[in-house]
Amino acid sequence: MSTKLNITEFLDQDEKKDLLRLLTAGSVDDGKSTLIGRLLFDSKKLYEDQLDALERDSKRVGNAGENIDYALLLDGLKAEREQGITIDVAYRYFSTNKRKFIIADTPGHEQYTRNMITGGSTANLAIILVDARTGVITQTRRHSFLISLLGIKHVVLAVNKMDLVDYNQEVFDNIVADYRKFAEPLGIPDIHCIPLSALNGDNVVELSDNMPWYKGTPLLEYIETIKIDADHNFKNFRYPVQYVLRPNLDFRGFCGKVASGVVRKGDEVMALPSGRVSRVKGIHTYEGEIDYAFPPQSVTITLEDEIDVSRGEMLVHPNDLPRVERDFEAMLVWMDENAMDPNQQFFIKHTTNLSRVRIDNIQYKVDVNTMEQSATDRLSLNEIGRVTFTSNKPLFFDPYKENKSCGSFILIDPITNNTCAVGMIIDKVDNSRKTVLSESEIAEMRKGLSSIQSQDRESQLNQKGCTFWFHGADRALVNEVAFTMERRLFDAGKTVVVLPSGQNIIQSTILFNILNEQGIIVISTSDALSEENQTMIDDMSNKERMHVLTVDASLIGSDFAAYLQELTNAVNELIQAD
Amino acid sequence: MSDYNLSHLRQLEAESIHIIREVVAEFENPVMLYSIGKDSSVMVRLAEKAFAPGKVPFPLMHIDSKWKFKEMIEFRDQYAKEHGWDLIVEHNEEAFKAGVGPFTHGSKVHTDLMKTKALLAALDKHKFDAAFGGARRDEEKSRAKERIYSFRDKFHQWDPKNQRPELWDIYNAKVHKGESIRVFPLSNWTELDIWQYIRLENIPIVPLYYAKERPVVNMDGNLIMADDDRMPQELRDKAEMKMVRFRTLGCYPLTGAIESEADTIESIVEEMMTTTKSERTTRVIDFDQEASMEQKKREGYF
């Protein structure tokens, strides 16, 4: 730091530093708490030193000279563990004049897979701690596998407790050789190894005199200077639309965060799934218009043409499309206490798009310790498997390896609403290899049950299977209303039948319910139903599907056309597919 | 690639804007809780940024405990007016009429009635299903693992054993009827980031953050400002003029000042860079009970 800077210049420069998110892997025994504590504390001391070097007239309040028990900094977690609170990841923050750091600190042994996956999802870099006395152990392998699965490109192998092996170079070199050999098939592009002692501060902030044979940089300097800006995908423009902004009639902006690639004013863009093409008219921010936007900027894009784009849809460059597919394969990590029910449908949230998926097939699960693959029919908590999915509408995605933002998703249990699993897309399914039906579906069929769910039918028919049961003393009027509605629904492309109810109300209700479950809209007619019968019909049926409506001239009033229109609107609302 | 580099503040800004927009897109009736403090000031600016050139599609709500510093209330009204915000102010009228306050009832009862109860009643009254708050993970230890989307049952309670995993920038917004979420768009900001951003963006803040000679009383080691005559006379008699500023703002009898000369934004940032004390050490309410923030969170306070 040059002493020529004044405070203002120093602060201006400090505001321009970048951000690195890092994951620490290792247990308390490896000295992880001590290392994190030291980074948190010594970074303050760096500021002190830098500011001391400046000409200053104001007095500081802080004093960083006191003794600190590094482990105390992590006490929050300990207390919570005793209270039985789930802690999957705790975030720690520190800054130097070169970078701001966010540490995702995941606690040791329990639930390690779930914790590490959660903490590592946004990490640029992972520090894997090993004890110099034990070297590479099962836990090291497990951490490294999860890091490669998450696509973290930079790994620092921190060989800690070098003081306990007499700062011996040979010990370090052997551990490094061991690790590199093991990690090679994982395909982590950048691995850097540093010998250190977190407790004594060797090679953490300053190079240690105890290891003159180490010619590299200390840990802090390494993570301060490592280049991470190329880790973003600047190649393939993907812009999931988050929100449509219409402050006035002249402005229609699509708000979103640039997931990948670069977009410029004037670029030709295509909206997915419509395929309509337009040009970028403007890229708007609070500060005004900008010429181009890149990840992870949040901006608002306006287009030259009035094309309809809504939330969950995506803007891309027309000559560089993502996969647009319903069938895809992913590595899935199960996060829920309840094991997977492979026959259930799930909500999938992928970019800003919420849709439904079903599991077609689990090809195998992976043992995180040995990386061995084995067959399974379901995944339980902390298990990882390669899974094939079909979604009820096409998703716009890229393989996770090429594009994290467009290759990651979460699964939501439709009953509990929990995030039950998270996934990293491998690619679309090669159709020649795709199993047409899953084993569970075949088993259902053998039992005489259809493998097609009502949701599948409804999404194909693009309607919700409902019954509109018109009843009233004036059968001619009832019929006129019923057949008018049939005509209107039919013309709108809906699958609808008119079935007058039989004498047996119970049988009719059962029949209508079955047809509704198949996604078919039923319009029924009957004489006026007693209140008792109406209650019975309601009790037997799904409230969202069964609608019993009285037709009575006194209720309709003088404007029959208006009545029909109101009825049509209400019916259209109710038959919207989920 | 240097053309495509964002500073840490711009990355945090982009992340917060993304969160605010997600909530607006996926919830029916969001509100932004406004505490008038520095974090709220930053959060409000981020909301303005998220929907520019449009108007922010949700209101601000301030839960007035009736014991805020006078300067805070003046600042609130002026800011909302100048920036065209729809501002809702709610308080617990019943407890206010009964004369509840920190000097007479202690911090526990006061906070419970005038803050927690008032907030829950206001959320129910307006049927808000998502409430933005300005809490940060670096504020104190128990918040380090707080989610960005924090789920509350229909009694607004937080179940620490039942929090959803949160990965990448994909947020699960599915809630059952009657349930709601608290959202913390500033989760990844530190106190230093907040000050640097205030400096960078020239965001207006309550003047109490800047050092000035103020009348303060030393109460159990906390420097409490004599802000009005509701402070008992015998305490006010002990007030001394000291050069102080506030690192956080809340109810004046519960918020300690720090002795400081930092009267410019530059000197505050500089102070932040080197201080090793947590900002919440100046908040009396955090110490009135074992694990007190945790407890308050479970009850529905932040």
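This is a predicted model: local features need pLDDT of at least 70, side-chain atom pairs count only at pLDDT 80 or more; totals for chains, interfaces and linings use all residues.
Helix α12 (residues 505-517) of chain A supplies the largest share of the patch, three residues.

**Aromatic pairs**

Over all chains, the structure contains 31 aromatic pairs. One of them joins Phe328(A) and Phe397(A): the ring centres are 5.7 Å apart and the planes stand at 55°, so the pair is tilted. This pair links distant parts of the chain, since Phe328(A) lies in strand β16 (residues 323-334) of chain A and Phe397(A) in strand β20 (residues 384-397) of chain A, 69 residues apart. Both Phe328(A) and Phe397(A) are buried.

In chain B, Trp195(B) and Tyr209(B) form an edge-to-face pair, with 5.4 Å from centre to centre and 80° between the planes. Trp195(B) is in helix α6 (residues 191-201) of chain B and Tyr209(B) in the loop between α6 and β7 (212-219) of chain B, so the pair ties together parts 14 residues apart in sequence. Trp195(B) is buried, at 0% relative accessibility, and Tyr209(B) is buried with a relative accessible area of 1%.

**Aromatic cluster and charges over rings**

One aromatic cluster is formed by Tyr243(A), Phe51(B), Phe58(B), Trp85(B) and Phe132(B).

Charged side chains also sit over rings. The charged end of Arg264(A) is placed over the ring of Tyr292(A), 4.9 Å from its centre. Lys174(B) lies over the face of Phe347(A), at 3.8 Å from the ring centre.

How values were computed
Residues are numbered from 1 along each chain as its sequence is written. Chains are lettered from A and ligands numbered from 1 in the order in which they are written. Side-chain values use heavy atoms; hydrogens and water are left out. Helices (H or I, at least four residues) and strands (E, at least two) are DSSP runs, numbered from the N terminus. Rings of Phe, Tyr and Trp (its six-membered ring) pair if their centres lie within 6.5 Å; planes under 30 degrees apart count as stacked, over 60 as edge-to-face and the rest as tilted. Buried means under 20% relative accessible area, exposed over 50%, partly exposed in between (1.4 Å probe, protein chains only). A charge sits over a ring if NZ of Lys or CZ of Arg is within 6 Å of the ring centre and within 35 degrees of the ring normal.
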